[in-house]
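Please look over the model below before reading on; the points that follow are meant to be checked against it.

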Amino acid sequence: MKFSELKTREVINIKSCKKLGYISDLELDECTGQICAVIVPQKGRWMNFFCPEGDIRICYRDIKQIGSDIILVDINC
């Protein structure tokens, strides 16, 4: 799968059933080349209340399913 394809899938948190947005960036391990996390930019003040750090960093292990049009994640944000 290409990164350009991954960016077109909406990220949804299965804990809260909320749409988080779309992946804007990846965090890679320099030594292994493996994906460590995906980055989803926050939108609006509502999300900033729950995740004040800015962008949402989702560890690769928290990605539960990558479908043809959505990505399901399990996070506390």
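1. How much accessible surface does the protein chain have, and what percentage belongs to carbon and sulfur atoms? In this predicted model, the accessible surface of the protein chain is about 5,500 Å², with 52% belonging to carbon and sulfur atoms; such areas come from the Shrake-Rupley method with a 1.4 Å probe, and for residues only the protein chains shown count as cover.

2. On the basis of the numbering and the model: residues are numbered from 1 along each chain as its sequence is written, and side-chain values use heavy atoms, with hydrogens and water left out. Local features need pLDDT of at least 70 and side-chain atom pairs count only at pLDDT 80 or more, whereas totals for chains, interfaces and linings use all residues.

3. The protein chain has two helices and seven strands, in the order α-β-β-β-β-α-β-β-β from the N terminus (DSSP runs, helices being H or I of at least four residues and strands E of at least two, numbered from the N terminus).

4. Of the 77 residues in the protein chain, 31% are buried, where buried means under 20% relative accessible area, exposed over 50%, and partly exposed in between (1.4 Å probe, protein chains only). Cys-17, at 63% relative accessibility, is exposed, and Cys-31 is exposed at 77%.

5. The count of disulfides is zero, a disulfide being a pair of cysteine sulfur atoms within 2.5 Å. Cys-31 is in none, and its nearest cysteine sulfur, that of Cys-36, is 9.8 Å away.

6. Gly-54 sits in the loop between α2 (44-50) and β5 (56-59) and is partly exposed at 25% relative accessibility. Gly-54 and Gln-42 are twelve residues apart in sequence, with their C-alpha atoms 6.4 Å apart.
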